[in-house]
Amino acid sequence: MPEPSPTPARRGRLLRFGAAVAVLFALAGYLAVQYLTGGAGAPRCRVVSGKDDDASYEFTPEQAVNAATISAVGTSRRLPERAVAIALATSLQESGLRNIRHGDRDSLGLFQQRPSQGWGTKKQIMDPTYAAGVFYEHLAKVPDYARLPLTVAAQRVQRSGYPQAYAKHEPDATLLAAALTGRAAATLTCEGRVAPTPAGGPDSVRAALVRDFGHDVLQEAGADVSAQDASSAPDGTSSSSPSAASGPARASSSPPSAVSARTVTVPVSPRKDAATGTDVRGWELAHWAVANSSALHIERVSYAGQEWTAGRREGQWVRSGAQGAPAADEDATEVRIVTAQ
């Protein structure tokens, strides 16, 4: 004889019991994540407006690295900030600033470029530096692209099926471009929590700088060379490789030897913003270092009397030097990057 169906009251109790169990499981999962991450959520980066408003944009360290590469490739080609904003908005729409290996048909990478459409090989497109460079090559062929609405300029390059989609990313891309090109000083911060990657140390920082900015970034005046820098890198390369500086060595001004061995000093050659006349090169390099802090295990960046330190005050820039004393790099002739290893 079949069992009688549960009464409505019993069904209600069963549903409540099931919901309670689900909540307990969710809570247990949350507590486990908190335990494993030291009680903190996912690491974040943040860019704020350099103007008197509350505009801001939060993003992940992975997105920060890709955004910094896109910007560096653009400025190294002497392209204007508007070009960088267009490229960043395009990547935000196409991939969420992530270097993904999938997409519509054979689309790949930061800009969802297609090998079958002549953008390059799969390997090339998955290289963020190459992908950004080929995007800018196409953008530069668009007449008066800097005067066009962002979504129109992006569409002339991408030929997307959703041409209006780029416009919604313009505010965030504009904030990012202002910071990463150096026009808006001390506006980009990251928590700087070390990513679970083997990358780190002065040699890795130099290699990444050359990758994004080109060899001139270190060859202009010669970067800091220490005992660790002169030795072989973990991957077997030495400081005489293309990723290291050429030219005369220059000692760091004051850090103890233990810190000096982990320091890369990047000379700042003056470069004015065409629109405002302000010097932008130093803050471009400083913000690049902060954006790469998790990936490259960077623990401190100093420039123009201000300093960012991983894990301090949510990664905010503060005045360097003890109790407001003038900093050694007050004259803004170099960016100092200290790694955690």
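Two strands pair if DSSP finds at least two bridges between them. The legends below show close-up views of a predicted model.

**View 1. Strand 5 pairs with strand 8.** Strand 5 covers residues 298-303, and strand 8 covers residues 334-339. Four bridges link them, in the antiparallel sense. Look for I298: the bridge partner of I298 in strand 8 is T339. Strands of a sheet pair through backbone hydrogen bonds, either parallel or antiparallel.

View 2. The order of the strands is 4-8-5-6-7, and the pairing is antiparallel. Which strands are at the edges? They are strand 4 (263-267) and strand 7 (317-319), and each pairs on one side only. From one strand to the next, the twist averages 20°. Helix 8 (residues 202-213) packs on this sheet. Helix 8 touches strand 4, strand 5 and strand 8. The direction of helix 8 makes about 30° with that of strand 4. Helix 12 (residues 281-291) lies across strand 4, strand 5, strand 6 (306-309), strand 7 and strand 8. Helix 12 runs at about 170° to strand 5.

View 3. Strand 1 (residues 45-48) is joined to strand 2 by four bridges. Take two residues of that pairing. V48 has S56 of strand 2 as its bridge partner, and V47 stands opposite Y57.

**View 4. Side chains alternate along strand 2.** Which side chains are buried? Y57 and F59 are buried, and they point to one face.

**View 5. Helix 3 crosses helix 6.** Two packed helices are described by the angle between their axes and the distance between the axes. The axes of helix 3 (residues 81-95) and helix 6 (residues 150-158) come within 10 Å and cross at roughly 70°. Helix 3 is therefore roughly perpendicular to helix 6, because angles of 65 to 115 degrees fall in that class. The crossing is right-handed. Helix 3 brings R82, A85, I86, A89, T90 and E94 to the contact. Helix 6 brings L150, A153, A154 and Q158. By class, this contact of helix 3 with helix 6 has six nonpolar, two polar and two charged residues.

**View 6. N66 sits in helix 2.** Helix 2 covers residues 61-76. Is N66 buried or exposed? N66 is buried, because its relative accessible area is 7% and the cut-off for buried is under 20%. N66 touches L97, R98, N99, L110 and P128, not counting residues up to four places away in sequence.

View 7. Most residues other than glycine have a negative phi. R78 is not a glycine, yet its phi is positive, at about 60°. R78 is found in the loop between helix 2 and helix 3. R78 counts as exposed, at 62% relative accessibility. A186 also has a positive phi, near 55°, and is a residue other than glycine. A186 lies in the loop between helix 7 (170-180) and strand 3. With a relative accessible area of 23%, A186 is partly exposed.

Note on methods: Residues are numbered from 1 along each chain as its sequence is written. This is a predicted model: local features need pLDDT of at least 70, side-chain atom pairs count only at pLDDT 80 or more; totals for chains, interfaces and linings use all residues. Side-chain values use heavy atoms; hydrogens and water are left out. Helices (H or I, at least four residues) and strands (E, at least two) are DSSP runs, numbered from the N terminus. Axes are lines fitted to C-alpha atoms, for helices over the stretch in contact, and angles run from 0 to 180 degrees between N-to-C directions. Angles under 35 degrees count as roughly parallel, over 145 as roughly antiparallel, 65 to 115 as roughly perpendicular and the rest as oblique. A crossing is left-handed if the near helix is turned anticlockwise from the far one by less than a right angle, and right-handed if clockwise. Contact means heavy atoms within 4.5 Å. Ala, Val, Leu, Ile, Met, Phe, Trp, Tyr, Cys and Pro count as nonpolar, Asp, Glu, Lys and Arg as charged, and the others, Gly among them, as polar. Buried means under 20% relative accessible area, exposed over 50%, partly exposed in between (1.4 Å probe, protein chains only).
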